[in-house]
There are 4 protein chains.
Amino acid sequence: MNVAIIGASGYTGLELIKLLLTHPKFNITYIANSTGEENVQDLHPCLKDVVNIDVSKANAKEVAKVADLAFLALPHKTSMFFAKELLELDVKVVDLSADYRLELDTYEEHYCPHEDKAHIKDSVYGLPEYYSEEIKNSKLVANPGCYPTATLLALLPFVDFIQEGSQIFIDAKSGVSGAGKKLSEVAHFVNLNENSHAYNPFKHRHMPEIQEKIKLVKNKEFQINFVPHLLPVTRGMLVSVYATLKDEIDVEKILEDTYVNNEFVRVRKTPVDLKMVAGTNFCDIFVARNGKALFINSSIDNLLRGASSQAVVNANIMCGFEENEGIPKIAYVP
Amino acid sequence: MNVAIIGASGYTGLELIKLLLTHPKFNITYIANSTGEENVQDLHPCLKDVVNIDVSKANAKEVAKVADLAFLALPHKTSMFFAKELLELDVKVVDLSADYRLELDTYEEHYCPHEDKAHIKDSVYGLPEYYSEEIKNSKLVANPGCYPTATLLALLPFVDFIQEGSQIFIDAKSGVSGAGKKLSEVAHFVNLNENSHAYNPFKHRHMPEIQEKIKLVKNKEFQINFVPHLLPVTRGMLVSVYATLKDEIDVEKILEDTYVNNEFVRVRKTPVDLKMVAGTNFCDIFVARNGKALFINSSIDNLLRGASSQAVVNANIMCGFEENEGIPKIAYVP
Amino acid sequence: MNVAIIGASGYTGLELIKLLLTHPKFNITYIANSTGEENVQDLHPCLKDVVNIDVSKANAKEVAKVADLAFLALPHKTSMFFAKELLELDVKVVDLSADYRLELDTYEEHYCPHEDKAHIKDSVYGLPEYYSEEIKNSKLVANPGCYPTATLLALLPFVDFIQEGSQIFIDAKSGVSGAGKKLSEVAHFVNLNENSHAYNPFKHRHMPEIQEKIKLVKNKEFQINFVPHLLPVTRGMLVSVYATLKDEIDVEKILEDTYVNNEFVRVRKTPVDLKMVAGTNFCDIFVARNGKALFINSSIDNLLRGASSQAVVNANIMCGFEENEGIPKIAYVP
Amino acid sequence: MNVAIIGASGYTGLELIKLLLTHPKFNITYIANSTGEENVQDLHPCLKDVVNIDVSKANAKEVAKVADLAFLALPHKTSMFFAKELLELDVKVVDLSADYRLELDTYEEHYCPHEDKAHIKDSVYGLPEYYSEEIKNSKLVANPGCYPTATLLALLPFVDFIQEGSQIFIDAKSGVSGAGKKLSEVAHFVNLNENSHAYNPFKHRHMPEIQEKIKLVKNKEFQINFVPHLLPVTRGMLVSVYATLKDEIDVEKILEDTYVNNEFVRVRKTPVDLKMVAGTNFCDIFVARNGKALFINSSIDNLLRGASSQAVVNANIMCGFEENEGIPKIAYVP
């Protein structure tokens, strides 16, 4: 199946290119960014002598001529304009931006006015462990944010057992590739090296995404208190969820039972780390209990499971392929 | 005043040597480790051409001949034997181990049988912001653990405002120098670099230390749920405390008011980080609230405020010097 | 074709497992280390839910029953005993140790007495760009050291143009995974983080390996002055060769012409770095000239091109497969 | 003595502030950058509660009213305008830029037209081990570049013994703080972390500085071939000099004898590293020989000995103080 990548310049765009180059079923026919006029080898010098495709200036009509499905790795707001046009041209879309992840009201409260109200209500939230049936029949999948992916996979199995009215705290730590390729103070080497800090406590836009999905999946309302941190590493994400249980239940069993049939979630007997999942689509999860106090601990590769490889899993499901086609389970990271 | 350092081989021993070398009132007359027979320049090559003192095999009677106060940077259990002998010889002691930090019962439950019951009940917990009066009159100060230092300074101002019966969660992150100089799997470069993970969740021995001190200082009982993590950095410690308030109070004001007269606690308007305090005795603290959900965020240099510089502050107070004599507030870390 | 991996516990053993798991022609039938009695998932937890093979206690006769070719990722001296026995049982061998890399005399001068004199003289040095014909017909390939791989690929094209009698200097920098999985002072996080230093200047055993191969390939004798350094990174190797040319020649052209037909050497127009080649079998090379002063600059992934992926390339050639079968050119490292 | 710091915003400006705050003889009366209008605590939040000085918009006449000596931590070209005006107002100057380091011709060839030809010929090159007499009597000291400091201290003792006409190669490695506080591609965390690479091979402007000073100090002409590299660390600089000796001489003795009376050069018996000198003004040097091949290996803290602490040493000498007044020999870096 022929696919396009729109937004090829950033980190998630590069990961998409790499994943799709070795994918047994997808064939890249179109790569675009906002300027065009380069070969992909010049855009990403690590691809020298590996692939030889020109980078176009993004144009939906051109996409529709050569591809059946498009991955959008664009900033929010930019993405909805392309998605809208592509969908009208009958091209399937996996959108890696925030534009179709939320209910319309939540989106407009936390982002900006939405310009594609026609499609947002039909979009499916692309967390395969919870939405695979809906993804199968969808033409528009909204790929989840990195923090919500790791948090929801950890938290959803336990939502029914958490004390009503109690606070849920999420202490999340991310590698700095999540902040993107654009130069920024937080990503200046001298600032982050030998350092770590929280940012936007209780104010990150992934907080309403997590809260909304808990309500939609479990029909429960909780106050989610989300505090993201930066780690002095390139990639990886570690999430610690803290909550109060109703009863002193067998939390290991609940976790095991929830994911027994999900090949990309691995339940661990010891705290998870970044390296076990780096370069793969796995989400590793560990759980521990201290009386009624609950600690759920998950880790993902923020650029893969938190973005590009989850996007390809979604595309696999949308196209009727096996979920794991071309999805990395091992990486060359010692 | 003449002082001795016993346990000079490790990271905290080295920091003590450096602090005391430039201290205006203390004069190092004795340095010891478990083997002796070296010059301190050979033990710590960074001190070449800086100081020229022989390292002795630790012997309390020799200490008593040349020093009025001794810093013990020894493993727990070893430390109590030296402390006991030194106190009987009328040498003041600042003990950096865990041996005198806890009530006898708590100690024996979490560590081992205590061999110096005579002195443990007179020891003072050396957290200067809360125990300075007691430290002034003490001959034996138990220097707090690094995690309890950062946690208690963050949490104590708010204990009276936290909902009774609610869970307090502490997500603490430490640089790996806290794991010591001894080779270990967790401190192997390949294992920690580009990585981060929790360890001993709910089982670290600093958990009862925190819980006990909250009870002693504030006369409140809370379940403290402590989850330490390792960061891929050498030094620094970042603590995130999560709790549930009774009411939606002005948390910034409470924090400001608590520490207005403490020169080594800085209240920050933005989340704290490791670099601001690296190489100093400062504890930086930030607080934020989301409804009744509370986030208190503190950072210290784990080897200085979390060990050696706090020990020297305690010695300053014990000897009637100014608290800040010879204590670093700036460091050559950009 | 069925293959065995002997020495599965270390970093190069793990890389071999990962490479061979996804290889289209090789099938792992046997994995061994010195103890046996585990599943490979327990030995390398990153492989959980990926592969399910028992780890045996290494035994050559068992290998011969189930495999046609064996990769030995063993310490030198241990390796020759296994290689000898395997070759006598008609199993092809790719040896990743130093045991068959050198002429007998050179080996015994720098390592130890050799216990398999029968085979050492028939072994082929597995640097595919220079020995592919010999590899094709060999039953025993000695996989080059990591430093010699990066150095020889950089230096060999220029040997004929270097002033006779002049000194050749090699300033090589390696990630610390090259020092292995065993705990060591140099690989202690606190020692290496924010640090870098030379080690064994002029005394590393890769120095005679480089010197000997220059003589064998180019029939020229030069004094090679090799100074390795450690970098505070996990993987990667950067080599800077400094030499004095006879004449002010076109060095870019020489480099381009040499490797025009070698798909795993990429000639770069700008200085090379570690990230471009991390996770791949590429060797990137850049060259610059200042009058007669020559700077050749190469980089490889020390565990892949410097060990395991080069070993699989050698096995491909020995078995008549395409050189690039199952060899990574892209990696999930941003 | 009252001093001013002009150019307080960058890394070397911050180091100057920290050094001068604790200096027993110098008193900061004026701090300026290009904008003014802030307190120094806002400019450098690590100084919160440590110092309370307003930052002015740089103005030479204001400096002359309140200070006898000024440190200029400004970009080249900007610096010469301030220096000229300050000197005419009879303020002594230590200039950390390149503006007065070179002979006029060399400067204009490698930088730009010089606007203060009156003073450049009287400036003294502030490498204290070689120019202390001239510094004593100077009103204008040009503080050396970081690479030239580490290289010249390593190389000068051996210049008389190097084969005439042979090439001298310098493989230098720097922490990225040397690239400054301004955001840049090379200093983006994702680009440098787990990476290392050469830059500007044979083209860095410190190359003519090194070459010129060798000629001026030793009256010898050599082709200096300088290749700088970036290391994934914040601070530190490691220099490896490679040269060819005339004879197989006792290089350790030459090095020892050269620096026997210099307290800020330490001769080491093993290869030097970054951590031993981090946070101090030391330059550590090691030397090794392989026949006639010479390896000299030096390390400094690039921001201190390579900039700010060397500037304060120069000011000490200019003002008749002890060279080591207020100069750090130990740092809180484990």
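**Interfaces, charges and rings**

Chain D and chain A meet through 19 residues from chain D and 19 residues from chain A. The model is a predicted one. Start, then, at this contact.

The size of an interface is often given as the accessible area lost when the parts come together. Between chain D and chain A that buried area is about 1500 Å². Carbon and sulfur atoms give 66% of it. On the side of chain D, three residues stand out: D:Leu183, D:His188 and D:Phe189. Together they supply 46% of the area that chain D buries against chain A, more than any other three residues.

Polar contacts do occur: 10 residue pairs are counted between the two chains, both residues at pLDDT 80 or more. Helix α9 of chain D, residues 189-192, gives the most to the side of chain D that touches chain A. Its share is four residues.

Now turn to salt bridges elsewhere. Side chains of opposite charge can pair when their charged atoms come close. Over all chains the count is 92 salt bridges.

Take chain A. The side chains of A:Lys18 and A:Glu15 form a salt bridge, N to O, at 3.0 Å. Both residues lie in helix α1 of chain A, which covers residues 11-21. They are three residues apart, about one turn of the helix. Is this pair buried or exposed? A:Lys18 has a relative accessible area of 1%, so this lysine is buried. A:Glu15 is at 0% relative accessibility and therefore also counts as buried.

Another bridge in chain A joins A:Lys213 to A:Glu212, with the closest N and O atoms 2.9 Å apart. The cut-off for buried is under 20% relative accessible area. A:Lys213, at 4%, therefore counts as buried. A:Glu212, at 8%, counts as buried too.

D:Lys117 forms a salt bridge with D:Glu108, and the closest N and O atoms are 3.7 Å apart. The relative accessible area of D:Lys117 is 44%, so D:Lys117 is partly exposed. D:Glu108 is at 31% and is likewise partly exposed. Back in chain A, bridges that share partners join A:Glu15, A:Lys18, A:Arg235 and A:Asp301 into one network.

Rings come next. A pair of aromatic rings is described by the distance of the centres and the angle of the planes. The count over all chains is 50 aromatic pairs. How are the rings of C:Phe286 and C:Phe295 placed? Their centres are 6.3 Å apart and their planes stand at 70°. Planes over 60 degrees apart count as edge-to-face, so this pair is edge-to-face. Both C:Phe286 and C:Phe295 are buried.

Ring pairs also build a cluster with members from chain A and chain B. Chain A brings A:Phe169, A:Phe202, A:Tyr242, A:Phe286 and A:Phe295. Chain B brings B:Phe169, B:Phe202, B:Tyr242, B:Phe286 and B:Phe295.

Finally, charges sit over rings in chain B. B:Arg266 lies over the face of B:Phe282, at 3.7 Å from the ring centre. B:Lys25 lies over the face of B:Phe321, at 5.0 Å from the ring centre.

How values were computed:
Residues numbered from 1 in each chain as written. Chains lettered and ligands numbered in written order. Heavy atoms only, no water. Phe/Tyr/Trp six-rings, centres within 6.5 Å; stacked < 30°, edge-to-face > 60°. Buried < 20%, exposed > 50% of the residue type's maximum accessible area, 1.4 Å probe, protein only. Lys NZ or Arg CZ within 6 Å of the ring centre and 35° of its normal. Contact = heavy atoms within 4.5 Å. Buried area = accessible area lost by both parts, 1.4 Å probe. Polar contact = N/O pair within 3.5 Å; in protein donor to acceptor, adjacent residues only side chain to side chain. Helix = DSSP H or I, 4+ residues; strand = E, 2+ residues; numbered from the N terminus. Salt bridge = Lys/Arg side-chain N within 4 Å of Asp/Glu carboxyl O.
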